[in-house]
2 protein chains.
Amino acid sequence: MSTRREAVKQALNEASGFRSAQDLYADLRAEGSKIGLTTVYRALQALSDSGEVDVLRTDEGEAVYRACASDSHHHHLVCRGCGRAVEVEGPAVEKWAEAVGAKHGFTDVTHTVEVFGTCADCSARVN
Amino acid sequence: MSTRREAVKQALNEASGFRSAQDLYADLRAEGSKIGLTTVYRALQALSDSGEVDVLRTDEGEAVYRACASDSHHHHLVCRGCGRAVEVEGPAVEKWAEAVGAKHGFTDVTHTVEVFGTCADCSARVN
DNA sequence: GTCATTTTGACAATCGTTTTCGTTTTCGGC
DNA sequence: GCCGAAAACGAAAACGATTGTCAAAATGAC
Ligand SMILES: [Zn+2]
Ligand SMILES: [Zn+2]
Ligand SMILES: [Zn+2]
Ligand SMILES: [Zn+2]
């Protein structure tokens with residue numbers, strides 16, 4: 001694995017929440033790296049292809065990435081305020097999704113499930 | 001409600017699946033309308049703001065819209081092949097999402113849940 | 001060191017979407 | 001029916017995220 005990809009992976013590891021390519025580019029430049037934006041995009045593409053990082057889309061359509069501790073199937077509880085994310089599992093949801101697909105004759109069923117909220121810290125900050 | 005917005009809403013009603021702004025623009029022009037792309041975007045913005053249509057993002061980040069029969073909270077089972085969508089409910093998922101948020105001290109909890117698969121027709125078409 | 005291969009990054013191009021802004025249409029008052 | 005204000009339109013420009021291009025730089029045999 002190349003040095004640049006390592007750098008991007010590490011920048012992601014240092015973040016607790018989901019970050020966009022541009023966020024990571026800014027982070028890396030801020031800490032002195034001479035990396036280019038194109039390379040950040042390429043690294044993220046490779047990392048998500050290999051399943052090393054999770055990707056999801058914001059409401060605005062921007063792709064955001066996260067290096068998750070769990071490498072098995074899971075979902076996220078994401079703070080709208082600070083972006084912090086918690087990995088969560090939902091066996092009931094997995095079964096429900098499968099059942100829903102089957103009931104309507106769909107095959108090769110997958111799903112996207114994300115939970116959003118305001119974390120305790122962010123709630124406190126507002127009050 | 002203006003005539004243009006009606007036209008967009010109707011175009012959506014005639015589709016069984018999720019459609020992008022550009023799709024709808026093409027549909028309308030194809031049937032002779034002189035509507036502009038800007039107006040399609042504006043109509044969709046208004047329709048989704050008022051909750052008359054559902055929006056979601058494709059993996060590529062494109063916004064797609066659907067005029068759903070149900071006006072209460074629900075999710076979708078979407079065919080990857082033809083885009084056809086079925087409205088589905090999942091009380092268990094609703095409770096799970098709430099519980100997950102609460103367990104981690106998150107407030108103002110919402111969620112996005114979509115199920116994807118290949119519908120029976122599309123499965124048959126391939127074989 | 002030399003040559004071939006891979007990686008990189010500045011820049012241009014693409015694509016969906018939004019903004020701008022002048023024109024057209026709608027509509028209430030006359 | 002006619003007039004002016006307000007709302008709706010649409011073409012074109014602007015935008016922002018992402019991808020493509022291509023020449024320079026790093027890497028790795030030999
Ligand atoms: Zn927070
Ligand atoms: Zn799942
Ligand atoms: Zn289908
Ligand atoms: Zn729900």
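Trainee: Is C79(B) buried or exposed?

Mentor: Bear in mind that this is a predicted model. Burial is judged from relative accessible area, with under 20% taken as buried, and C79(B), at a relative accessible area of 2%, is therefore buried. C82(B), by contrast, has a relative accessible area of 37% and is partly exposed.

Trainee: Which atoms are the protein donors of the zinc ion (ligand 3)?

Mentor: The donors are the SG atoms of C79(B), C82(B), C119(B) and C122(B), which lie 2.2 to 2.4 Å from the zinc ion (ligand 3). Along the chain these donors follow the spacing C-x2-C-x36-C-x2-C.

Trainee: What is the geometry of the site of the zinc ion (ligand 3)?

Mentor: For four donors, one looks at the angles among them, and a site counts as tetrahedral if all angles lie between 85 and 135 degrees. Here the 4 donor atoms of the zinc ion (ligand 3) make angles of 105 to 118°, and the site is tetrahedral.

Trainee: Which residues is D54(B) in contact with, leaving aside its neighbours within four places in sequence?

Mentor: D54(B) belongs to strand β2 (residues 54-57) of chain B and counts as buried, at 19% relative accessibility. Leaving aside those sequence neighbours, D54(B) is in contact with F18(B), V64(B), Y65(B), R66(B), C68(B), H74(B) and H76(B). The side chain of D54(B) makes a polar contact of 3.0 Å with that of H74(B) and another, of 3.2 Å, with that of H76(B). As for R66(B), 12 residues away from D54(B) along the chain, the two C-alpha atoms are separated by 5.2 Å.

Trainee: Which residues are the closest to DNA strand D?

Mentor: Of the 14 residues that surround DNA strand D, the closest are Y41(A), A63(A), R4(B), T39(B) and R42(B). Sugar and phosphate make up 61% of the atoms of DNA strand D that come within 4 Å of the protein. A polar side-chain atom of R4(B) is 2.6 Å from a phosphate oxygen of DNA strand D, while for K34(B) a backbone N or O atom lies 3.1 Å from a phosphate oxygen. In the side chain of R42(B), an N or O atom is 2.4 Å from a base nitrogen of DNA strand D.

Terms used
Residues numbered from 1 in each chain as written. Chains lettered and ligands numbered in written order. Predicted model: local features only at pLDDT ≥ 70, side-chain atom pairs only at ≥ 80, totals over all residues. Heavy atoms only, no water. Donors = N, O, S within 2.8 Å, 3.2 Å for Na, K, Ca; no water. Tetrahedral: all angles 85-135°; square planar, octahedral: opposite > 155°, others 65-115°. Buried < 20%, exposed > 50% of the residue type's maximum accessible area, 1.4 Å probe, protein only. Helix = DSSP H or I, 4+ residues; strand = E, 2+ residues; numbered from the N terminus. Contact = heavy atoms within 4.5 Å. Polar contact = N/O pair within 3.5 Å; in protein donor to acceptor, adjacent residues only side chain to side chain. Near = heavy atom within 4 Å.
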